[in-house]
Amino acid sequence: MLGIKEIASYLPENKISNYDKKEKFEMDDDFIENKIGVRCQAIKEIDEKASDLCVKAFEILLKKQNIDKKEIDCCIVVTQNPDYNIPHTSAIVHGKLELSQQCACFDISLGCSGYVYGLSAIISFMKNNCLEHGLLFTADPYSDIIDSEDKNTALLFGDGATVTYIGKDGIFIPKDFSFGTNGKDYRELFCEEKLYMNGRAVFNFTATTIPKHIQQLLEKNGLEDKDIDKYVLHQGSKYIVDTIRKRLKVSEDKVPFDMHEYGNTVSSSIPIILEKEMLKEENKRFLISGFGVGLSWGSAIIEKV
Amino acid sequence: MKATVESVKEVIAEAEVLGDVSDLKNDLALRDQGIDSLDVVNVYLLLEERFDIKIPDEDLSQVRTVNDIIEYINKKVN
């Protein structure tokens with residue numbers, strides 16, 4: 001059955017510290033540690049593009065999994081910061097990785113909900129077209145679009161990329177997905193040249209919509225909190241992850257928080273955590289949930305085979 | 001539902017933004033009493049939910065203190 005065989009993540013070694021911005025933005029240690037939840041942001045080299053980050057994630061994947069590049073027949077990149085307007089970044093990744101000409105490539109333009117959408121899209125696409133070896137990349141280098149003077153965004157985001165290898169005999173299989181959109185509020189998280197975020201609107205959206213949406217997905221599948229080993233939530237900020245967890249009345253140890261040393265990596269935040277949590281024997285069933293730009297959200301239940 | 005000092009402080013306690021809400025001064029801005037910019041947004045959301053009102057961004061200057069909040073909510077509810 002098609003499912004997740006392996007995940008690899010790349011985070012740039014170059015970091016900038018939020019502790020160096022304490023005076024500029026008038027904040028204390030508690031705000032950095034427990035509200036934003038980001039000590040350092042991982043930042044790519046200026047001339048690196050989304051495709052470069054994808055290639056680095058793939059190089060890490062190759063060290064973990066024996067993959068024959070000639071066999072890859074599907075390559076999807078989730079990004080809203082593509083290398084260029086034209087062509088699609090997945091074609092550039094295809095070229096850099098020297099994949100086969102029989103490989104289907106396309107991009108998905110989504111932000112923080114992108115991994116969940118991407119996972120559903122790649123598995124459906126591969127199933128419908130009898131494809132066998134897929135790569136789902138996420139890479140959204142926000143450092144290119146952040147205004148360093150804007151406190152709402154300058155403390156949060158980090159660069160990174162992930163690649164999820166999809167194939168037959170997957171170790172983790174998605175059981176069910178659920179998606180939603182509120183396009184009327186698209187301007188609350190918006191970018192023409194630099195990113196604008198209405199923090200209050202985004203907080204209200206996540207605090208009110210996401211816990212209900214997760215609860216509905218559980219009920220639809222006849223599951224309760226005790227049936228979920230880990231909730232892998234998009235790492236918007238520590239405050240947002242904590243708020244959703246409290247509203248769901250879920251214990252802290254079931255909701256990993258991981259972004260302290262690299263920041264909010266947008267569509268990469270879920271697979272970065274999933275990669276680590278998949279290795280733990282006790283984790284048999286995950287609920288993953290991504291939410292943000294759009295406003296868009298998506299959740300899935302993923303089970304170990 | 002009418003807002004009172006008790007009900008507003010109950011909401012602030014529910015937000016878990018302060019150790020002890022009984023020390024909160026009714027006529028001082030929440031932001032000046034240890035409730036930061038993220039916490040205050042959470043308090044406004046819980047007030048909206050508890051009293052079934054909307055506090056638009058342009059009204060935020062009218063809800064800085066506990067007394068402001070009570071007056072604002074009761075005006076809206078009426």
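Me: In this predicted model, where in chain B is Arg31(B) found?
Reply: Leaving aside neighbours within four places in sequence, Arg31(B) is in contact with Asp36(B), Ser37(B) and Val40(B). As for its place in the chain, Arg31(B) is found in the loop between α1 and α2 of chain B.

Me: By what distance are the C-alpha atoms of Arg31(B) and Gly19(B) separated?
Reply: Arg31(B) and Gly19(B) are twelve residues apart along the chain. The separation of their C-alpha atoms is 15 Å.

Me: Is the crossing in which α1(B) passes α2(B) left-handed or right-handed, and how many nonpolar residues are in the contact?
Reply: The crossing of α1(B) past α2(B) is right-handed. From α1(B), Ser7(B), Val8(B), Glu10(B), Val11(B), Ile12(B) and Glu14(B) take part, and they meet Val43(B), Leu46(B), Leu47(B), Arg50(B) and Phe51(B) of α2(B). By class, this contact of α1(B) with α2(B) has one polar and three charged residues, and the number of nonpolar ones is seven.

Me: What area is buried between chain B and chain A?
Reply: The contact between the chains involves 17 residues of chain B and eleven residues of chain A. Carbon and sulfur atoms give 47% of the area buried between the two chains. That buried area is about 1,200 Å².

Me: Which residues of chain B lose the most area to chain A?
Reply: Three residues together account for 42% of what the chain B side buries. They are Leu38(B), Val41(B) and Leu45(B).

Me: Which residue of chain A meets Glu48(B) in a salt bridge?
Reply: Between chain B and chain A the count is six salt bridges. One of them joins the side chain of Glu48(B) to a partner in chain A at 3.2 Å, N to O. The partner is Arg200(A).

Me: How many charged residues are in the contact of α6(A) with α2(B)?
Reply: Helix α6 of chain A, residues 199-220, and α2(B) have axes that come within 10 Å and cross at roughly 55°; that makes α6(A) oblique to α2(B), and the crossing is right-handed. Arg200(A), Phe203(A), Asn204(A), Ala207(A) and Thr208(A) meet Val41(B), Asn42(B), Tyr44(B), Leu45(B), Glu48(B) and Glu49(B). By class, the contact of α6(A) with α2(B) has five nonpolar and three polar residues, and its charged residues number three.

Me: What is omega for the cis peptide bond from Ile86(A) to Pro87(A)?
Reply: Pro87(A) is found in the loop between β4 (74-78) and α3 (89-97) of chain A. The cis bond from Ile86(A) to Pro87(A) has omega near 5°.

Me: Which residue does a cis peptide bond join to Gly294(A)?
Reply: The omega of this bond is about -10°. The partner of Gly294(A) is Leu295(A), and the loop between β12 (285-292) and β13 (296-304) of chain A holds Leu295(A).

Me: What is the phi of Glu26(A)?
Reply: Glu26(A) is found in the loop between β2 (15-17) and α1 (29-36) of chain A. Although Glu26(A) is not a glycine, its phi is positive, at about 50°.

Methods
Residues numbered from 1 in each chain as written. Chains lettered and ligands numbered in written order. Predicted model: local features only at pLDDT ≥ 70, side-chain atom pairs only at ≥ 80, totals over all residues. Heavy atoms only, no water. Left-handed = near helix turned anticlockwise from the far one by under 90°. Helix = DSSP H or I, 4+ residues; strand = E, 2+ residues; numbered from the N terminus. Contact = heavy atoms within 4.5 Å. Nonpolar A, V, L, I, M, F, W, Y, C, P; charged D, E, K, R; others polar. Buried area = accessible area lost by both parts, 1.4 Å probe. Salt bridge = Lys/Arg side-chain N within 4 Å of Asp/Glu carboxyl O. Axes fitted to C-alpha atoms, helices over the stretch in contact; angles between N-to-C directions. Parallel < 35°, antiparallel > 145°, perpendicular 65-115°, else oblique.
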